[in-house]
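This report describes the architecture of a predicted protein model. It takes the sheet, the helices, the nonpolar cores and the salt bridges in turn.

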Amino acid sequence: MSVELIETHRSFGGELRKYRHFSKAMNVDMIFSLYLPEVVQDEAKELSLIWWLSGLTCTDDNFSQKSGFQQYAAKHEVAVVIPDTSPRGDNVADSDAWDLGTGASFYVDANQEPWVEHYQMYTYLTEELPQIVYDLIGNYSGKESIMGHSMGGHGALVIGLKNPQRFEAISAFAPISNPSQVPWGQKAFTAYLGSEESSWKTWDATYLIKEAKQVPPILITQGDADNFYEVQLQETAFLEAATGHDVRYQLEKGYDHSYFTIATFIGEHIDFHSKALNK
């Protein structure tokens, strides 16, 4: 498979690289970014991998340019991959709504028209893109974890819970943890998955963790000044369903939904992942 390097930026001794490739799963060109710490030059050092999934309206650039994650990835000597949030292009189905279509895939495999042709994000992230990223790292340790923000927090929880043997840890900032019960998730699931609500459960972290026998350790950070908190991001149902599992939920006073919050706590999250990856 042809993978084109289109940007490179030196950062904290390592490199942030942006790539383009044609995705068979998505049937369109896709973009992703990959941060490799300086130790990648040392063939004796194997690198573990953290996935970051961004939120509604974002691309791979939001996290790489606003979070300041690179200094912590360099410190802990981990690679970080940042996929785009959805397919893009002139022939890709879209919506006039900001919370549906391009930039708003919800990380599911769509089965409804007109979305089904290009919106296969779960398959892309669990089957196709990993093999590309492992090869680009080269000295991959075989260990990985996953995190994300808002819609991407939903994606990280769902992908992590569906693949507990693959991921050493899961973390999220302000995740949509019960999407089938909130307006954002109901809108997206109806469009991408159809109106039969029973089919939504397999894409809802609250239902997944309630039925799960194996759950990686989970860290969640939520700001109480987040303007989406009360309606879209309530944690009660998820935490009740997660009883008995290793889930740490932090409600931070005065913090909002922005990258100011992510930048404040990203070091703590990467430390959490690094400890799990190094066990």
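## Strand β4 and its partners

Strands β4 and β5 run parallel and are joined by four bridges. Within this pairing, Leu49 lies opposite Ala79 of β5. Strand β4 also pairs with β6 (residues 140-149), again in the parallel sense, through six bridges. Here Trp51 faces Ile146 of β6.

Strand β4 is mostly covered, with seven of its seven residues buried. Burial extends to both faces of the strand: Leu47, Leu49, Trp51 and Leu53 are buried on one side, and Ser48, Ile50 and Trp52 are buried on the other.

## The sheet as a whole

Strand β4 belongs to an open sheet of nine strands, arranged in the order β1-β2-β3-β5-β4-β6-β7-β8-β9 with mixed pairing. From one strand to the next, the twist averages 20 degrees.

Strands β2 and β3 pair in the antiparallel sense, with nine bridges between them. In this pair, Lys18 is positioned opposite Ser33 of β3. In general, the strands of a sheet pair through backbone hydrogen bonds, in either a parallel or an antiparallel manner.

## Helices packed on the sheet

Helix α3 packs on the sheet and touches β1, β2, β3, β4, β5 and β6. The direction of α3 makes about 50 degrees with that of β3. Helix α4 likewise packs on the sheet, where it touches β4, β6, β7 (167-173) and β8 (218-223). The direction of α4 makes about 140 degrees with that of β6.

## Helix α5

In helix α5 (residues 183-193), the buried residues are Trp184, Gly185, Ala188, Phe189, Ala191, Tyr192 and Leu193. Viewed down the axis of α5, these residues fall within an arc of 165 degrees, so they line one face of the helix. An α-helix has 3.6 residues a turn, so residues three or four places apart point the same way.

The buried residues of α5 pack against α4 (151-162) and α7 (229-232). Just after α5, Gly194 adopts a positive phi of about 100 degrees.

## Nonpolar cores

The largest nonpolar core contains 67 residues, of which Leu49, Phe106 and Tyr192 touch the most other members. Helix α3 (residues 121-137) gives the most to this core, contributing nine residues. Tyr192 is also one of the buried residues of α5, and Leu49 is one of the buried residues of β4.

Leaving aside residues up to four places away in sequence, the contacts of Leu49 include Leu34, Ala79, Val80, Val81, Val133, Tyr134, Ile137 and Leu277. Among the other residues that Leu49 touches are Tyr140, Lys143, Glu144 and Ser145. A second, separate core of 20 residues includes Phe63, Ala73, Val80 and Ile82.

## Salt bridges

Eleven salt bridges are found in the whole structure. One of them joins the side chains of Asp60 and Lys18, with an N to O distance of 2.5 Å. Asp60 belongs to helix α1 (residues 60-66) and Lys18 to strand β2 (residues 14-23), so the pair ties together parts that are 42 residues apart in sequence. Both Asp60 and Lys18 are buried. Lys18, Asp60 and Asp61 are linked in a network of salt bridges.

Another salt bridge connects Lys45 with Glu77, the closest N and O atoms being 3.2 Å apart. Lys45 lies in the loop between β3 (28-36) and β4 (47-53), while Glu77 lies in the loop between α2 (70-76) and β5 (78-83), so this pair ties together parts that are 32 residues apart in sequence. Lys45 is partly exposed, with a relative accessible area of 28%, and Glu77 is partly exposed with a relative accessible area of 28%. Arg17 forms a salt bridge with Glu15, and their closest N and O atoms are 2.8 Å apart. Arg17 counts as buried at 18% relative accessibility, because the cut-off for burial is under 20%. Glu15 is partly exposed, its relative accessible area being 24%.

Terms used:
Residues are numbered from 1 along each chain as its sequence is written. This is a predicted model: local features need pLDDT of at least 70, side-chain atom pairs count only at pLDDT 80 or more; totals for chains, interfaces and linings use all residues. Side-chain values use heavy atoms; hydrogens and water are left out. A salt bridge is a side-chain nitrogen of Lys or Arg within 4 Å of a carboxyl oxygen of Asp or Glu. Buried means under 20% relative accessible area, exposed over 50%, partly exposed in between (1.4 Å probe, protein chains only). Helices (H or I, at least four residues) and strands (E, at least two) are DSSP runs, numbered from the N terminus. The arc is that of the directions from the helix axis to the C-beta atoms. Contact means heavy atoms within 4.5 Å. A nonpolar core is a set of buried Ala, Val, Leu, Ile, Met, Phe, Trp, Tyr and Cys residues joined through side-chain atoms within 4.5 Å. Two strands pair if DSSP finds at least two bridges between them. Axes are lines fitted to C-alpha atoms, for helices over the stretch in contact, and angles run from 0 to 180 degrees between N-to-C directions.
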